[in-house]
Amino acid sequence: MPSSPLETMLRDSVWASTLPADELDQVVRESYERRVPAGASLMRTGEPADHWFGVIDGLLKMSVSTPDGRQSTFTGVTAGGWAGEGSLLKLSRWRYDGVAVRESRIACMPRHTFERLVSTQIGFARFLLNHLNARLSLFIGLVEYDRLFGPDARLARCLATLFNPDLYPRAGQFVALSQEEIGLLAGLSRQRANESLHVLQRAGLLRVEFGGVTVLDLAGLRSFSAPGVPAGRLAAGQR
DNA sequence: CCATTAAACACCC
DNA sequence: GGGTGTTTAATGG
């Protein structure tokens with residue numbers, strides 16, 4: 001039988017290989033797919049966390065907005081990535097919005113399924129530890145770069161996180177994301193993001209394309225402007 | 001003083 | 001129609 005994109009997504013996930021076959025079958029039966037149009041919310045701040053979400057295709061962003069309309073994007077989740085375990089583990093409500101940047105197909109695993117895996121499958125728990133650790137290190141890096149480096153390095157770093165192999169094992173080298181969205185990710189205005197992108201392009205780390213960016217040198221992006229390494233550049237006032 | 005940004009604009013996909 | 005590249009005036013550190 002031909003398996004659906006949902007089933008493929010589930011069975012190809014890193015944690016799937018740690019489960020007994022019958023348990024994995026059960027997970028596949030209990031999960032379902034949801035299509036989210038561009039701009040629509042998958043989860044909203046304050047609503048009860050009742051599913052674990054995996055991105056089959058498309059792109060999800062995690063963001064918050066203030067009452068006066070300003071917004072900040074923490075990170076994006078690309079194809080193959082999972083999100084929402086934090087609020088799920090706490091049995092609480094979402095602490096941020098999950099918005100589809102473009103039309104996306106999402107794998108939805110009910111909370112009770114997630115709970116069963118966490119409490120009965122040591123391999124799954126091990127995966128979650130690794131996953132949480134990867135996210136923790138992502139956000140530590142974010143604070144580090146936010147405090148030590150300028151806009152170009154911050155943007156480089158934020159882009160690189162979208163290609164983190166621990167979180168998104170199936171990332172290609174192109175991400176379809178407008179420069180406005182990239183700016184939101186890095187905390188920059190659109191035209192400043194545009195300028196930074198071209199700085200990075202001139203450095204040979206990526207290629208600016210229409211409606212997205214192709215990464216040419218992921219390691220270079222990740223360490224852009226980082227001191228310490230051989231021939232490392234120094235912090236502060238770039239340009 | 002200098003970098004950044006919002007707003008506005010004209011192309012281009 | 002949305003994304004992109006630029007200019008301009010305003011803003012804030």
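Residues are numbered from 1 along each chain as its sequence is written, and chains are lettered from A and ligands from 1 in the order in which they are written. Because the model is predicted, local features need pLDDT of at least 70 and side-chain atom pairs count only at pLDDT 80 or more, while totals for chains, interfaces and linings use all residues; side-chain values use heavy atoms, with hydrogens and water left out.

Chain A has nine helices and nine strands, taken as DSSP runs (H or I, at least four residues, for helices; E, at least two, for strands) and numbered from the N terminus. The radius of gyration of chain A is 18 Å, close to the 18 Å given by the globule rule for 239 residues, so the chain is as compact as a globular protein of that length. This radius is taken over C-alpha atoms, and the rule is 2.2 Å times the number of residues to the power 0.38. Along the principal axes, the C-alpha atoms of chain A fill a box of roughly 55 × 45 × 35 Å. Of the contacts in chain A with a separation of 6 or more, 70% are between residues 24 or more positions apart, a contact meaning heavy atoms within 4.5 Å.

The structure holds 11 aromatic pairs. Rings of Phe, Tyr and Trp (its six-membered ring) pair if their centres lie within 6.5 Å, and planes under 30 degrees apart count as stacked, over 60 as edge-to-face and the rest as tilted. W52 and W82 form a stacked pair, at 4.3 Å centre to centre and 25° between the planes. This pair links distant parts of the chain, with W52 in strand β3 (residues 51–65) and W82 in strand β5 (residues 82–83), 30 residues apart. Both W52 and W82 are buried. F124 and F127 form a tilted pair, at 6.2 Å and 35°. These two residues are three apart in helix α5 (residues 122–148), and are therefore separated by about one helical turn. F124 is buried at a relative accessible area of 0%, and F127 is buried at 11%. One aromatic cluster is formed by W15, W52, W82, F114, F124 and F127.

In helix α6 (residues 151–161), 10 of the 11 residues are buried, so the helix is largely enclosed by the rest of the structure. R157 is among the buried residues of α6. The charged end of R157 sits over the ring of Y145, 4.8 Å from its centre; the criterion is NZ of Lys or CZ of Arg within 6 Å of the ring centre and within 35 degrees of the ring normal.

How values were computed. Buried < 20%, exposed > 50% of the residue type's maximum accessible area, 1.4 Å probe, protein only.
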